[in-house]
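Visitor: I am new here; could you show me around, please?

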Amino acid sequence: MPLLTGSFLCDLRSLRARGLATGWQPATCAGKHAYPPGRAQLRKLPRNTRVTISLDVTKYIRYQSASGVSYGTLEGDTVHQIQGGLFDAHTPTGETHKLSGVKLLYPCEPGKILAVGLNYRSHLGTRPAPAHPEIFYKPVTALQNPEDPIVIPRDATDVHSEGEMVVVVGKRLRHASAAEATDAIFGVTCGNDVSERAWQSGDKKDLQWWRAKGSDTFAPLGPAIVSGVDYGKLLLQTRMNGETIQKQYTSDLIFDIAAVLSWISGWVTLLPGDLVYTGTPGNTRRMSPGDVIEVELDHVGVLRNPVS
């Protein structure tokens, strides 16, 4: 499995709090000593010791090549094809491609898509914080590939982008605890919860958000699913035509991933491949044909879609 390696000055208390004191690959420290970094050894290290850490971080993609549609892992600009589904046992086939030589598709094919509303305080405005995650559905037909257009539907007058971290479920969840929900996270990716505000909350709003949130191309997703990172400390950014219009860390979520998955599973069984859009921060902005929207999440990359 690909590894991400970094060298940095570490705050050991922060390191332990983030769960990096267990499950490491061997780390080396500046000076004469090399430590297998268990908790006991970490407590003995001086504060601000420079260490090199290897984390099990993998990028999964779904792509189209001359031979068809496949899943693969991405290392740098090299795609390694894998055999088998993402959520089953899979093995490398030995076939590789340059990233520039394949077409990236939305990175998994979910059975269902759910989304969380009002999950950053910066997005609440004058509205009170919800007492529990507020969930809605988006149809799978709303999915759109990276680089493919977000299409403004007929009669739409106020379509906004909403950059979000999207969770990919890796295990079946039913009546799950927070710990069980955490264990079921396969990874995260970038998503855009495109929304038509007039249909959602205007004077002539629809009874349900079936088209306000679910029109074709209203769920761009990708470019990759990343597993093995700290999902609670990722920087999420949205840009319109190169201008940053949303920027916030996922640590600011009102309800974190575990809380959201646990809550949903009390009524709706979650299955491998299901997606949950976790909410958008700050203020959103109306899109127009010709705009280009980019959603970026640490480690994942940039989800880029033109608007037509």
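Guide: Welcome! This is a predicted model, where local features need pLDDT of at least 70, side-chain atom pairs count only at pLDDT 80 or more, and totals for chains, interfaces and linings use all residues. Residues are numbered from 1 along each chain as its sequence is written, and side-chain values use heavy atoms, with hydrogens and water left out.

Visitor: How many helices and strands does the chain have?
Guide: Helices (H or I, at least four residues) and strands (E, at least two) are DSSP runs, numbered from the N terminus. By that count, the chain has five helices and 22 strands.

Visitor: Is the pair of tyrosine 60 and phenylalanine 186 stacked or tilted?
Guide: Four aromatic pairs turn up in the whole structure. Rings of Phe, Tyr and Trp (its six-membered ring) pair if their centres lie within 6.5 Å; planes under 30 degrees apart are stacked, over 60 edge-to-face, and the rest tilted. Here the ring centres are 5.1 Å apart and the planes stand at 40°, so the pair of tyrosine 60 and phenylalanine 186 is tilted.

Visitor: How far apart in sequence are the parts that this pair ties together?
Guide: Tyrosine 60 belongs to strand 5 (residues 58–65) and phenylalanine 186 to strand 15 (residues 185–192). The pair therefore ties together parts that are 126 residues apart in sequence.

Visitor: Is tyrosine 60 buried or exposed?
Guide: Buried means under 20% relative accessible area, exposed over 50%, and partly exposed in between (1.4 Å probe, protein chains only). Tyrosine 60 has a relative accessible area of 6%, so tyrosine 60 is buried.
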